[in-house]
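Subject: Structure handover

Hello,

Here is the structure for you to look through. Some notes on what was found in it follow.

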Amino acid sequence: MWPAAAPAQQGPAGDQGTPSSSQPAQPGQSAPPGQKLPSGLTAPPSQKKPPPGYHLSAEQALQFATASKKVQEDLGGGQYSASALLAGPGRWQVTLFDTKGRPQAQVTVDDRTGHVVKALTGAQVGFFAARGEEGAYGRKLNAPYVWIPLMVLFTLPFIDPRRPYRLLHLDLLVLLSFSISHYFLNRAEITTSVPLVYPVLLYLLVRLLLFVYQPGFGNEQKPVRSLVPVRYLAVGLALLTVGHAVANLSTQNNVLDIGYSGVAGADRLLHGEEIYGNFPADDDPGQECCISTGDTYGPVNYYAYVPFELAFPWHGTWDKLPAAHAAALFFDLATMLGLFLVGRRMRRGKRGTELGVMLAYAWAAFPYTWLNLTTSVNDSLVAMLLVYSFLVLQSAPARGAMLALAGFTKLAPLALGPLYLSYSTTRKAALQFVLAFTAVSFLVLVWPALIKGSPAEFWDHTIGAQLGRDTPFSIWGQEPGLSWLQTLVKVLAAGLAVFVAFFPRRKSPLQLAALAGAVLIAVQLMLSYWFYFYIVWFLPFVLIALLGDEPESEEAAGRPERVADEIESAEPLPA
């Protein structure tokens, strides 16, 4: 027996990174009849009589909603309270809540026919990404005629037909196998899509560790050469770069709340206002989401959007957000350039150009770099900063500064601190790394966490908020009984971050790339919220490890501090 409808008010915002066009209402507190709710819904004047211009009453709309086959199958037999609200001309939105007030179903009912237009249950109610709606993430990018050609372009130049069982072939296919999970996400089957992510992450973790600790395992076929001449690969890179720009700037693609929050945070900085605890409320009926929780990122994320906010000022609404588009495209292209420069650093002359083109091409062709562009998210900023931190390995201060910038963008790169510190070969270089890391960390935190805020507030809105997330986008969120295993994974991830700092004691740049990728993957394995945008965090390190070579000189290897130390400590020549 379903209960009668009850008046309601606006529900909680959705999860960060998952825009919702219809947030659920909460039971238990009434709204004055006819009042426009912040979520764009309206409470009917009466539960028993149809509102002016409507054919159904709230009770009738509730009856049609609860008769839905999907609602009956997913929620039948439980005890639920309900609310029925007006959702625009000719539409009702019915929300069912469990005994703890959590929304369990959200049904849109046609007022004239009583037909159920859309029925969402379980995680689909509060998490837009769980609904599988067309155009949610990437839009046309998800079409097979777009996604599959990108997969082919990503793998084809690196296939060696003379050695079909080359391990590199499997590595590339595993990177692309995130697409299997993604397929089920687009079908709103997150109980299938989420578990399928973990075998891929685990394979990549083990593969990168074997790369360092079992160097004979699949690493004997270096250097990697392109199947096609490098000039053709360069042409392909140029075309893919144009494609990236078109995909990002296309009016068919949307800016998620992740990009929106970067623009809003930059606006706060430019006006001398607080970032944390001072984000705009979700009061735009046309674009409801969780912008009010957009202050969950590190301060560098908001600093990075300042130039783009100056060029394309934000008008306080969820419009086309050109600043978010421009920022996402810049982060992507700068990452591509950084990978090209890494290739030039690792090899000399034409061979360096070839490797640089290969690395940049692999980034440009990989489907998930396109996904980030079509949604204008900020995750390529993490990738960009990490690529340039790798590019400046030869300088301990620069390495420390770049890691601090990356770490206080999305926090996860902070786990690379022990590894990056251990790359210093002298005490002087280690001290320089620590001082640079500390100085940059203080500079980026002083305004939002000390001058215009407090350390406690910064913690609550960033690390604290992430630790307390309750989402279905991890096996930990879907299976609360596995909390003990998640705790174990956290301990192992922390142990790995420390272990790789000591073993091996001397690391080549290629080994550091592999270990950095492994640590980032280990961090992602323990997260309560994981999404496909995060793949680009470790992608550059994976590409460098798989396609790159050891540098051909001591300077390129990032060891000038060792040479300088040997000069300083050398015995003077006899007179």
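A salt bridge here is a side-chain nitrogen of Lys or Arg within 4 Å of a carboxyl oxygen of Asp or Glu. This is a predicted model, so local features need pLDDT of at least 70 and side-chain atom pairs count only at pLDDT 80 or more, while totals for chains, interfaces and linings use all residues. Residues are numbered from 1 along each chain as its sequence is written, and side-chain values use heavy atoms, with hydrogens and water left out.

Salt bridges

By that rule there are 14 salt bridges. One of them joins D267 to R268, with 3.6 Å between the closest N and O atoms. D267 and R268 are both buried (buried means under 20% relative accessible area, exposed over 50%, partly exposed in between, with a 1.4 Å probe and protein chains only).

E354 takes part in a salt bridge with R225 at 3.0 Å, N to O. This pair links distant parts of the chain: E354 sits in helix α13 (residues 349-365) and R225 in the loop between α7 (190-213) and α8 (230-249), 129 residues apart. Helices (H or I, at least four residues) and strands (E, at least two) are DSSP runs, numbered from the N terminus. E354 is buried at 9% relative accessible area, whereas R225 is partly exposed at 44%. E354 also meets R347 in a salt bridge, at 3.6 Å, N to O, and both of these residues are buried. Through shared partners, salt bridges join R225, R347, R351, E354 and D549 into one network.

The sheet

Strands β3, β4, β5 and β6 form an open sheet in that order, with antiparallel pairing (two strands pair if DSSP finds at least two bridges between them). β3 (81-86) and β6 (116-121) are at the edges with a single partner strand each, so one side of each has no neighbour in the sheet. From one strand to the next, the twist averages 15 degrees. β4 (residues 91-97) and β5 (residues 103-110) pair over 7 bridges, and Q93 stands opposite T108 in β5. Helix α1 (residues 58-66) lies across β3, β4, β5 and β6 and runs at about 65 degrees to β4. Axes are lines fitted to C-alpha atoms, for helices over the stretch in contact (heavy atoms within 4.5 Å), and angles run from 0 to 180 degrees between N-to-C directions.

Nonpolar cores

A nonpolar core is a set of buried Ala, Val, Leu, Ile, Met, Phe, Trp, Tyr and Cys residues joined through side-chain atoms within 4.5 Å. The largest has 146 residues, and F178 and L416 have the most contacts inside it. Helix α23 (residues 509-526) gives the largest share of this core, 13 residues. Another core, of 19 residues, lies apart from it and includes Y54, A65, L86 and W92.

L515 is in helix α23 and is buried, with a relative accessible area of 0%. L515 and L416 are 99 residues apart in sequence, yet 9.1 Å apart in space, C-alpha to C-alpha. Not counting residues up to four places away in sequence, L515 touches residues including L209, V212, Y213 and L419.

Helix α14

In helix α14 (residues 367-375), 9 of the 9 residues are buried, so the helix is largely enclosed by the rest of the structure. Just after α14, S376 has a positive phi of about 55 degrees.

Regards
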